Amino acid sequence: MAHAFRPRPGGDIACRLDGEEKAIISQVAQEVAELIRHDLDLREEPGAVRAAAGSDDPLERLEAEFAQSSVRAPRDTAVRRLFPDASTDAAVAEELRRLGQQDLATEKIEDLTHLVRSLDGSGPGDGEVTVPADDIASWLRALNDVRIVLADRLHIANDGDFETLRMLQQIGERVEDAPPLEDEDGVAGADVVAAVYELLTWLQESLLRAIDEY
């Protein structure tokens, strides 16, 4: 069972998670990173494109320029929440997306990868997960991005929607022969997704409270 984040000497923050909680969060974070890559058609790692743009090799710079000129708008509804239009003017929004989406995608994937490495680095079983002071902002961004994707899958758009969802689930559990809460593929039930969303929300709030304790 998860234990809240607590400040540690030197500015670090730590919490305790059991092995299953760590594995689930790590898996979901990896899936969100893969969703971003797939939906934005990032054949190359965004970081590699950025590095190529600063290369001394003219050919690599040209390839990076071409990659950045062909930025694709998100198609998945969750990815659209992560990369919303920056302007109501379609032409301006497209230009801003071309100029900034690659870098933003790089930052998000790096945050998610960092979160996964931190969880995996704490070992497979129950134990303490330490977040160094320099990594706290990255953790917060990654947790928030995963929550945004899960909120989209749960059709949560406004404050109070999650409480309504939970209430409907509880009612369904009491109804005899109620249909299972599964997605179209039956891969993960909405109740499981809701439980992960609730855990991440609690973890993010716990992290913010721990920061305030300094």
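A salt bridge here is a side-chain nitrogen of Lys or Arg within 4 Å of a carboxyl oxygen of Asp or Glu. Keep that cut-off in mind as we go. The model is predicted, so local features need pLDDT of at least 70 and side-chain atom pairs count only at pLDDT 80 or more, while totals for chains, interfaces and linings use all residues. Residues are numbered from 1 along each chain as its sequence is written, and side-chain values use heavy atoms, with hydrogens and water left out.

**Stop 1: salt bridges**

Select aspartate 85 and arginine 97, whose side chains form a salt bridge at 2.5 Å, N to O. Aspartate 85 sits in the loop between H4 and H5 and arginine 97 in helix H5, so the pair ties together parts 12 residues apart in sequence; helices (H or I, at least four residues) and strands (E, at least two) are DSSP runs, numbered from the N terminus. The classes are buried under 20% relative accessible area, exposed over 50% and partly exposed in between (1.4 Å probe, protein chains only).

Next, select aspartate 145 and lysine 108, another salt bridge, with the closest N and O atoms 3.2 Å apart. This pair links distant parts of the chain, aspartate 145 being in helix H6 and lysine 108 in helix H5, 37 residues apart. Both aspartate 145 and lysine 108 are buried.

Now move to helix H1, where arginine 37 and glutamate 34 are three residues apart and therefore separated by about one helical turn. Their side chains meet in a salt bridge of 3.7 Å, N to O. Glutamate 34 is partly exposed, at 44% relative accessibility.

For a network of salt bridges, pick Asp76, Arg81, Asp152 and Arg153. How many salt bridges does the whole structure hold? A search finds nine.

**Stop 2: the nonpolar core**

Select Phe5, Ile36 and Trp139, which touch the most other members of the largest nonpolar core, a set of 48 residues. Such a core joins buried Ala, Val, Leu, Ile, Met, Phe, Trp, Tyr and Cys residues through side-chain atoms within 4.5 Å. Among the elements that each supply at least two residues of this core are strand S2 (13-17), strand S3 (127-131) and helix H8 (190-212).

Zoom in on phenylalanine 5. Leaving aside neighbours within four places in sequence, its contacts (heavy atoms within 4.5 Å) include Ile13, Val129, Trp139 and Leu207.

**Last stop: helix H5**

Finish at leucine 96, in helix H5, which is partly exposed at 38% relative accessibility.
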